[in-house]
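Please read the points below beside the model. They are set out as a colleague's notes, in the order in which they may be checked.

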Amino acid sequence: MKRTRLYERHVNLGGRMVPFAGYELPVQYTAGPSAEHRSVRTAAGVFDIDHMGQFALSGEDALPFLQYVQVADVATMSEWEARYSLLCYEDGTIVDDIFIYRLPEKWLIVVNAANREKDFTWLQSFTHGYRVELTDISDETYMLAVQGPRAVAILDRMSAADLAAAPPRSALQTEVGGVEMLLGRTGYTGEDGFELYLPPDKAVSFWDALLTAGATDGLLPCGLAARDSLRFEACMSLYGHEIDASINPYEARLGWVVDLQKPSFLGRNALLKVKLEGNDRFLVAFEMIEKAVPRENHGIIGAEGKVVGHVTTGMKSPTLDKFIGLGYLPRGMHRIGSEIHIVIRGRPRRAQICRRPFYKASR
C-alpha cells in the first residue's frame with residue numbers, strides 16, 4: 001500500500017486512513033465528512049489527490065494523436081486551456097474520464113487513480129506511427145485541490161500573480177507560497193477553485209503554509225468522503241459508479257463532451273450509431289419521497305413492479321438535507337416527475353425522478 005508525502009500530516013490532523021486505489025488516504029478528519037463538505041460549499045477545503053495520475057504528451061504528432069485517442073476536439077483549445085474529456089473503446093464505452101491541459105510545449109493528461117496503469121497502457125498501444133513521446137509523470141508530480149468560494153482568494157494572497165483573473169478551465173504557471181507550480185482553474189466538487197501540480201518535495205511545506213494562510217477563511221483539510229458527496233451533489237460522474245467499460249457517454253449524460261464532427265477517433269462509429277438510434281437507458285437523478293438511504297447497486301423498480309435499473313450513488317445530501325441518488329433506467333422511464341421505487345433492505349421505497357444537478361453553485 002502506497003502513502004503520499006502528506007501521510008504523517010493526515011495522521012497528525014486526525015485523518016482516518018483507508019485503502020483507496022492502492023494508497024492509504026484520509027476518508028475524513030476529526031471535523032467529520034459533513035463539516036468538511038460544508039466548508040467547501042461555504043468557505044474552502046483542500047484535498048490531497050496525489051493518487052491521481054498525470055501523463056505528459058509531446059512531439060510533432062501530439063495533436064493528431066490526442067485527437068484520435070479521445071472524444072473532444074482539442075484542436076480548438078488554446079494554450080493554457082483545460083478541458084474535460086473521455087477515452088473510449090471502439091464500441092463507444094468508456095475507458096476513463098480525463099482532464100486535458102494544453103501547455104506551451106506539451107499536453108498534460110490527468111487520469112483517475114485506479115485507472116493510471118490501464119490508461120497509460122491503452123494510450124501507449126496507439127502511439128505506433130505517431131511521432132510522440134508519452135510519459136507517466138505521476139511520481140514526479142504532486143497534486144492538490146483547493147476548492148470552495150474562498151479558495152481563489154486564499155491562493156491569491158499567497159501569490160504575486162492575479163489568480164482571480166484566471167478564467168474557468170484555464171491554467172497558469174506561477175509561484176504560490178514560494179513554490180513554483182502549475183495551477184488549473186478546474187475541480188470536481190461543483191465549486192470554484194484550483195487544482196495544483198507541484199514538486200513532491202515541496203508538498204509538506206506548501207500544505208503547512210496553505211493551512212496557515214487559509215485558517216481565517218475557514219479552510220479545512222478534506223477527505224475522500226467529502227470529495228465524493230461534493231461531486232455527487234453536482235452530478236459529476238465517478239468512474240466505477242456512473243461510468244465504466246459497460247456505459248457509453250450518451251447514457252451517462254456526457255454526450256456534450258463528444259465531438260462527432262472532428263476527424264475519425266476511437267469509438268466514433270459506435271457513438272454515431274448511438275446518437276442516431278438513441279440509448280436503451282439513461283442516467284437519472286432521484287429524490288426519496290420516503291425517508292430512506294439509497295445506496296450503490298440498490299435495485300430500481302418501475303411502474304410494472306419489476307427491477308428495471310440500479311442505483312450508482314446514493315446518500316443523504318449534506319447541503320440539501322435530503323435523501324437523493326443517481327441511477328440508470330430504461331428509455332421511456334426516465335421522465336422528470338415520474339415515481340419509482342428503490343429496493344432498500346428488501347423493501348420498495350418511494351422516490352421521484354428530479355432534475356440534474358442536485359446542486360449548482362451561484363457564482
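1. In which loop is Ile336 found? Ile336 sits in the loop between E18 and strand E19 (339–344), where helices (H or I, at least four residues) and strands (E, at least two) are DSSP runs, numbered from the N terminus. From Ile336 to Phe323 there are 13 residues in sequence and 17 Å in space, taken C-alpha to C-alpha. Setting aside neighbours within four places in sequence, Ile336 makes contact with Ile353, Cys354 and Arg355, contact being heavy atoms within 4.5 Å.

2. A word on the basis of these notes. This is a predicted model, in which local features need pLDDT of at least 70 and side-chain atom pairs count only at pLDDT 80 or more, while totals for chains, interfaces and linings use all residues. Residues are numbered from 1 along each chain as its sequence is written, and side-chain values use heavy atoms, with hydrogens and water left out.

3. The cysteines deserve a check. The structure has zero disulfides, a disulfide being a pair of cysteine sulfur atoms within 2.5 Å. For Cys222, the closest cysteine sulfur is that of Cys235, and because the two are 20 Å apart they are too far for a bond. Cys354 is likewise in no disulfide, with the sulfur of Cys235 as its nearest cysteine sulfur at 7.6 Å. Cys222 is buried, at a relative accessible area of 3%, and Cys354 is buried at 19%; here buried means under 20% relative accessible area, exposed over 50%, and partly exposed in between (1.4 Å probe, protein chains only).

4. The largest nonpolar core has 48 residues, of which Val71, Leu86, Tyr101, Leu108, Val110, Leu271 and Phe358 touch the most other members; such a core is a set of buried Ala, Val, Leu, Ile, Met, Phe, Trp, Tyr and Cys residues joined through side-chain atoms within 4.5 Å. Elements that each supply at least two residues of this core include strand E6 (81–88), strand E7 (94–102), H7 and helix H8 (268–277), and the largest share, four residues, is that of E6. Apart from this core lies another, of 28 residues, among them Leu144, Leu172, Val179 and Leu210. Not counting residues up to four places away in sequence, Phe358 touches Phe232, Glu233, Cys235, Ala285, Phe286, Leu320, Ile324, Gly325 and Leu326.

5. In helix H3 (residues 62–69), Ala62, Phe65, Leu66, Gln67 and Val69 are buried, and the buried residues of H3 pack against strand E5 (53–58), E6, E7, E8 and helix H4 (116–124). H7 is largely enclosed by the rest of the structure, because eight of its 10 residues are buried; among them are the charged residues Arg227, Arg231 and Glu233. Cys235, which follows H7, has a positive phi, near 55 degrees.

6. One cavity of 30 Å³ or more is present, and the largest cavity holds about 60 Å³ of space. On a 1 Å grid over the protein atoms alone, a cavity is a set of points where a 1.4 Å probe fits but cannot get out, and lining residues have an atom within 4 Å of a point; grid points are joined across faces, edges and corners, and a volume is the space filled by probe spheres set on the points. The lining consists of Pro26, Phe47, Asp48, Ile49, His51, Cys222, Gly223, Leu224 and Arg227, and the elements that give two or more residues to it are strand E4 (44–48) and helix H7 (224–233).

7. Pro249, in the loop between H7 and H8, is buried at 0% relative accessibility. Its C-alpha atom is 8.2 Å from that of Leu271, 22 residues away along the chain. Beyond neighbours within four places in sequence, the contacts of Pro249 include Leu86, Cys88, Ile94 and Leu271.

8. Finally, some backbone geometry to examine. The peptide bond from Arg356 to Pro357 is cis, with omega near -10 degrees, and Pro357 lies in the segment after strand E20 (347–354). Phi is positive at Asp321, near 60 degrees, and at Arg345, near 55 degrees. Asp321 is exposed at 53% relative accessibility, and Arg345, in the loop between E19 and E20, is exposed at 84%.

How values were computed
1 Å grid on protein atoms, 1.4 Å probe; cavity = no way out; pocket = protein on both sides within 12 Å on 5 of 7 lines; lining within 4 Å.
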